[in-house]
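Student: Could we go through this one together, starting with the overall fold and then moving to the details?

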Amino acid sequence: MTRKEFFARVGFGAAAVLIPACIGGLASSCSSDDDGHTTPAPTNVDFTLDISTGALATNGGYLTKNGIVVARTNDGEFLAVSASCTHQGTNVKYVASANNFHCPNHGADFSSNGTVIDGPTSTNLTSYNTTLTGNMLRVFS
């Protein structure tokens, strides 16, 4: 057996052993069950944002701060929910045209108050309170 034949056989053998493990890992990463690998929703939340400039200065804008997505609806109301999708922890995005939150990883949709509309998750996002005083928006538990 030549050195070239030896390495060809070893390489093929390693691939035969590793491919089933890789396929199994891919299948489990797209499981429709909640897998517990999410970041917990922030607790004891209390911070303020200046909305006179930036993403929240206009209707439809949003930003993520301290693990929370803060959005300004097309009607000018403010929403705040935990940023981490309850399926696998990807940050959700605010979709102004639908007035909801969407996870770009596996497609979960949440209402404006964080309630699950469409899975794969079955756990709601945590919703937070907002109060506007002048140009200062307070986000709190």
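Tutor: Here is a walk through the fold, the packing inside it and a few individual residues, bearing in mind that the model is predicted.

Student: Which residues in the largest nonpolar core touch the most other members?

Tutor: That core has 14 residues, and the ones that touch the most other members are Val-69, Cys-85, Val-92, Tyr-94, Phe-101, Phe-110 and Leu-125. The elements that give two or more residues to this core are strand 3 (68-72) and strand 4 (78-82). Apart from this core lies another one, of twelve residues, including Ile-51, Leu-56, Val-70 and Phe-78.

Student: Take Val-92, then: what is it in contact with, leaving aside its neighbours within four places in sequence?

Tutor: With those neighbours set aside, Val-92 is in contact with Val-69, Cys-85, Phe-101, Phe-110 and Leu-125, and also with Ser-82, Ala-83, His-102 and Cys-103.

Student: Changing topic, is Asn-100 buried or exposed?

Tutor: Asn-100 is buried, because its relative accessible area is 11% and the cut-off for buried is under 20%. The residue sits in strand 6 (residues 100-102).

Student: Which residues does Asn-100 touch, not counting those up to four places away in sequence?

Tutor: Asn-100 touches Lys-93, Tyr-94 and Val-95, then Asp-109, Phe-110, Ser-111 and Ser-112, and finally Ile-117.

Student: Now the charged side chains: how many salt bridges does the structure hold?

Tutor: The structure holds one salt bridge, formed by Asp-46 and Arg-138, whose closest N and O atoms are 2.9 Å apart. Asp-46 belongs to strand 1 (residues 46-50) and Arg-138 to strand 10 (residues 136-140), so the pair ties together parts that are 92 residues apart in sequence.

Student: What does Arg-138 count as, in terms of relative accessibility?

Tutor: Arg-138 counts as partly exposed, with a relative accessibility of 36%.

Student: Last one: what share of the contacts with a separation of 6 or more comes from residues 24 or more positions apart?

Tutor: Residues 24 or more positions apart account for 40% of those contacts in the protein.

Notes: Residues numbered from 1 in each chain as written. Predicted model: local features only at pLDDT ≥ 70, side-chain atom pairs only at ≥ 80, totals over all residues. Heavy atoms only, no water. Salt bridge = Lys/Arg side-chain N within 4 Å of Asp/Glu carboxyl O. Helix = DSSP H or I, 4+ residues; strand = E, 2+ residues; numbered from the N terminus. Buried < 20%, exposed > 50% of the residue type's maximum accessible area, 1.4 Å probe, protein only. Core = buried A, V, L, I, M, F, W, Y, C linked by side-chain atoms within 4.5 Å. Contact = heavy atoms within 4.5 Å.
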